Amino acid sequence: MTNSLNDFATFKRLTRAGSRFSYYPPISEWNDVGLESNAINTALSKCGKNTALYIHLPFCEQLCSFCGCNIKITPSTEGHLPYIDKIIEEWNEIREINPEIEISELHLGGGTPNFLSSENLQHLLYSILSEVKISTDFYGTIEFDPRLVDEEKLRILKEYNFTKAIIGVQDFEEKVLINVNRPQKIEQVSYAVDMLKKFSFDDISLEFIYGLPYQTIESFNWTITRAVEFPVSGIILYPLAVAPWQKGTQSAMGHFPEPELETYFTLYTTARDILVERGFLHFGFGHFFKENSPLFKAKIQGELHRNITGFKRNQNNALIGLGVSAISHLPNLHLQNQRVFEKYLHYQGVDKICERSYQMTEIDNFLQDFTRNLICTGELNLDFLEQYEEVIERPTGPILEFLGHENLIKELKLTPMGMDLLKTVCLSFI
Ligand SMILES: C[S@@+](CC[C@H](N)C(=O)[O-])C[C@H]1O[C@@H](n2cnc3c(N)ncnc32)[C@H](O)[C@@H]1O
Ligand code: SF4
């Protein structure tokens, strides 16, 4: 692949650990303390039009042993209601602080949002959306487990204008899936895509993980070659993240050695080459979209946005996260809700819900806008570069020289290699 990253030694030299710049600064720099309600109220009162809402629904039926999300395994849907009601209570408290919030997107993440019973899903969506101001271009997004397709739930989602779905696939190879306790057939993914389309979803992506035990170049090549046959607009590749606290469960539930850096590299480049050859365009951080996708159109029109829930087709001024461990990005303030399910369930008052927070400075706001603009447009904007020198008080010449020398940018545009190493490009400005 011309100009893409194909050489492991270069990857090893240039790759960097750290966050994926969906917000700035990374959570490792936030404070592990709560916040005065004044600070939260002030930030919430500045949310107006184009506010996105994220709801964390942690429930899953069965544990996939690789999972790094904040989840709660429940064998049935009985017992979900107190949590749903707590989310509604949290939302009502926020609306009391600022009744003027206008919602442009609702993203249901998890866990497995489509594991909720249809009664709970209807109750949640009705209670959250019925009395709030909704933008004319409002749409809903759901993180979707393809093993749990239910027509009644799809009907409810359609009623509330859910048009975007991100399907968790991980792999198509049965040996890989069985080892991580995720029995799933390719036919189930196919059925999920067909049904989502039938219920008017026009933006569907498939998510895969590379670095899972038993994946080989041949098996992952086969998986991605099957994936590109699906009528979807995007394919997302995540490197397996192994958190220390997961290791016990992973080993107990399957064969789970930690992959070498070179394994990640070869699996990624194998998949990337198939995707690029089949007309998918790399937006960075392993997100590939087709030219006729809503996100590609948004990119061409300069409207692409990105936050912790991924690439978006319209701008958000703020993101409010509801539920256990949910992250909010409010004007000048990042915060994260209680991460322990029981603590979230019993909190009283918005100030008690906050577990970690970060008050943004002018420099943080600038760096967040700067990196977001670079990621969403795929190029370095001259005005932004000029402002960078003023705000950060650092010359951009040496940074641009380094990026050009390493073939990460050309004429201020990210090269394919720059897209492969987008974290490195962003970090060179920090
Ligand atoms: C909330 S789940 C998606 C919806 C649903 N629960 C499912 O699994 O189909 C979010 C996604 O995060 C990714 N993920 C979870 N744990 C991960 C890990 N340890 N490393 C990399 N990606 C991970 C998976 O691709 C998964 O599909
Ligand atoms: S990958 Fe999805 S279904 Fe599996 S445990 Fe994690 S959130 Fe649940």
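## Ground rules

A residue counts as buried if 20 or more other C-beta atoms lie within 10 Å of its own, as exposed if 12 or fewer do, and as partly exposed in between, with C-beta atoms placed from the backbone. This is a predicted model, in which local features need pLDDT of at least 70 and side-chain atom pairs count only at pLDDT 80 or more, while totals for chains, interfaces and linings use all residues. Residues are numbered from 1 along each chain as its sequence is written, and chains are lettered from A and ligands numbered from 1 in the order in which they are written.

Let's start with β1, residues 51-57. Helices (H or I, at least four residues) and strands (E, at least two) are DSSP runs here, numbered from the N terminus. In β1, 7 of the 7 residues are buried, so the strand is largely enclosed by the rest of the structure. In a regular strand the side chains alternate between the two faces of the sheet. For β1 both faces are covered: one side has T51, L53, I55 and L57, the other A52, Y54 and H56, and all are buried.

What does β1 pair with? Two strands pair if DSSP finds at least two bridges between them. β1 runs parallel to β4 (residues 102-110), joined by 7 bridges, and I55 has L108 of β4 as its bridge partner. β1 also pairs in the parallel sense with β13 (residues 318-322), over 5 bridges; there L53 stands opposite I320.

## The nonpolar core

A nonpolar core is a set of buried Ala, Val, Leu, Ile, Met, Phe, Trp, Tyr and Cys residues joined through C-beta atoms within 7 Å. The largest one has 113 residues, and those with the most contacts inside it are L53, A165, I167, F208, Y210, I235 and L322. Domain 1 and domain 2 both give residues to this core, so it lies between them.

Two residues are in contact if their C-beta atoms, placed from the backbone, lie within 7 Å. Leaving out residues up to four places away in sequence, I235 touches S205, L206, F208, A227, L275, F280 and F288.

## Two domains

The bounds come from an automatic or database domain assignment: domain 1 is 1-29 + 361-430 and domain 2 is 31-360. Their centres, taken over C-alpha atoms, are 25 Å apart. At the interface, 23 residues of domain 1 are in contact with 22 residues of domain 2.

On the domain 1 side, the elements giving two or more residues are α1 (8-14), α14 (362-377) and α17 (416-420). The largest share, 6 residues, comes from α14. By class, that side has 12 nonpolar, 6 polar and 5 charged residues. For these classes, Ala, Val, Leu, Ile, Met, Phe, Trp, Tyr, Cys and Pro count as nonpolar, Asp, Glu, Lys and Arg as charged, and the others, Gly among them, as polar.

## Around the ligands

A residue is near a molecule if its C-beta atom, placed from the backbone, lies within 6 Å of it. By that rule 18 residues surround ligand 1, the closest being G68, D145, G168, Y238 and A241. β4, β6 (162-170) and β7 (203-210) each supply at least two residues of this shell, which splits into 8 nonpolar, 7 polar and 3 charged.

## Hairpins and a buried loop residue

β9 (residues 280-284) has 4 of its 5 residues buried, so it is largely enclosed by the rest of the structure.

β14 runs antiparallel to β15 (residues 333-337) over 4 bridges, where S328 partners L335. This is a hairpin too, with 2 residues between the strands and a positive phi of about 65 degrees at N332 in the turn.

Not counting residues up to four places away in sequence, V324 touches H56, P58, N70, N337, Q338, R339, F341 and Y344.
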